[in-house]
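Take a look at the model first, and then we can walk through the pairs together.

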Amino acid sequence: MTKIRPFVVGLALSAMSFLAQAQGGEVDAGGVRFEAQQSVAGKALRLNGAGVRYKAVFQVYSAGLYLEQKAATTDEVLGAAGPKRMTITMLRDIDSGELGKLFSRGMEDNMERAAFSKLIPGVMRMSQVFTDHKLLKKGETFTLDWIPGTGTILTVKGKVEGDPFKEKEFFDALMRIWLGPKPADWRLKDALLGKAGN
């Protein structure tokens, strides 16, 4: 019993530490530091939440969500006006073509089939971008920026990949990979919505 109590106390302190970091500004998730604020299309965006995507016990990537105003639900994120940013940093080497397929599946799993079918050209183009990169190495980053009037800009390893994906529905479908009813990782969903730390 005496051994269990320090462990429980340690868990509680870790959770409080994460929340304090999040409230104070920047957050560390899986060793990746997410700044409290980033600029997209001339607008200052605040870190809404950040966390780690796990597969079994393995860390796959860290993700951070930036918005103009704090959002605690998926509907609030999708309905928010202004630019938005999702930034993802690899925590291990991964086949980027396979990652692109997983993202496509995540989009399909979180929306109606008819709505998904309208986005297939964009989904195929995005999958091809990841396939062309072949490998995303530990520490490499890509971002998804939504800019009203422009569309979704995909930047991989610091390079903008092709023309923007113009449909707002495309960006919303991407966000549902992490925030939808069947998210990639429930703990990550809560972290991105500012509810808990990974």
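Buried means under 20% relative accessible area, exposed means over 50%, and partly exposed lies in between. Keep those cut-offs in mind for what follows. The model is predicted, and it holds four salt bridges. As background, side chains of opposite charge can pair when their charged atoms come close.

- Asp 172 makes a salt bridge with Lys 168, and their closest N and O atoms are 2.7 Å apart.
- Both residues sit in helix H6 (residues 168-179), where four residues, about one turn of the helix, separate them.
- Asp 172 counts as buried because its relative accessibility is 11%, which is under 20%.
- Lys 168, at 24% relative accessibility, is partly exposed.

- Glu 140 and Lys 157 form a salt bridge, with 3.7 Å between the closest N and O atoms.
- This pair links distant parts of the chain, 17 residues apart: Glu 140 lies in the loop between strand S8 (135-136) and strand S9 (141-147), while Lys 157 lies in the loop between strand S10 (151-156) and strand S11 (159-160).
- Glu 140 is partly exposed, with a relative accessible area of 24%, and Lys 157 is partly exposed at 38%.

- A salt bridge joins the side chains of Glu 26 and Arg 33, at 3.9 Å from N to O.
- Glu 26 has a relative accessible area of 38% and is partly exposed.
- Arg 33 counts as exposed, with 60% relative accessibility.

How values were computed:
Residues are numbered from 1 along each chain as its sequence is written. This is a predicted model: local features need pLDDT of at least 70, side-chain atom pairs count only at pLDDT 80 or more; totals for chains, interfaces and linings use all residues. Side-chain values use heavy atoms; hydrogens and water are left out. Buried means under 20% relative accessible area, exposed over 50%, partly exposed in between (1.4 Å probe, protein chains only). Helices (H or I, at least four residues) and strands (E, at least two) are DSSP runs, numbered from the N terminus.
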